[in-house]
Amino acid sequence: SDEQKSTAARLERLRLRFETGLRARLTNIEIHGSNAPRLPQTASIAFTGHNAITLFEALDEAGVACSLGSACTSGSEEPSPTLLAMGIPKEIVKASLRFSLGRTTTEQEVDQAIERIVGVCH
């Protein structure tokens, strides 16, 4: 439907804003699948030099919701089988977090998340 298409386009713009904002401020990140077709509402990012579990806990404290691993294993602390299957080295996978945007996510929330993530990573 047109509504679904416009929601997907809006989420894609927000994801791009999120990823671009992080890339501009952090040098040690890698965005998984950035050159491939992917879901508009999800960003999977490696924070090289960080441990995803430690970072996940610090971001949770800072009020940023994210997940470890893939959607189907989000409760697990095991490295994402999806990223491993993509041929991404295990040490990069172990530094990766997944961020999801929702239909109610605003630009302001995206910008706030960027600030908090940058604060935790520095």
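Tutor: Contact means heavy atoms within 4.5 Å. By that rule Ile45 touches Phe18, Leu22, Ile29, Glu30, Ile31, His32, Ala95, Ser96, Leu97 and Phe99, leaving out residues up to four places away in sequence. This is a predicted model, where local features need pLDDT of at least 70, side-chain atom pairs count only at pLDDT 80 or more, and totals for chains, interfaces and linings use all residues. Residues are numbered from 1 along each chain as its sequence is written, and side-chain values use heavy atoms, with hydrogens and water left out.

Student: What is the mean pLDDT of the protein?

Tutor: pLDDT is the predictor's confidence in each residue, from 0 to 100. The mean is 91, and 93% of the residues reach 70 or more.

Student: How do you know that strand 1 and strand 2 pair?

Tutor: Strands are DSSP runs of E, at least two residues, and helices runs of H or I, at least four, numbered from the N terminus. Two strands pair if DSSP finds at least two bridges between them. Three bridges join strand 1 to strand 2 (residues 42-47), so they pair, running antiparallel. In strand 2, Ile45 is the bridge partner of Ile31.

Student: What makes strand 1 and strand 3 edge strands?

Tutor: The open sheet has four strands in the order 1-2-4-3, with antiparallel pairing. Strand 1 (29-31) and strand 3 (67-68) each have a single partner strand, so one side of each lacks a neighbour in the sheet.
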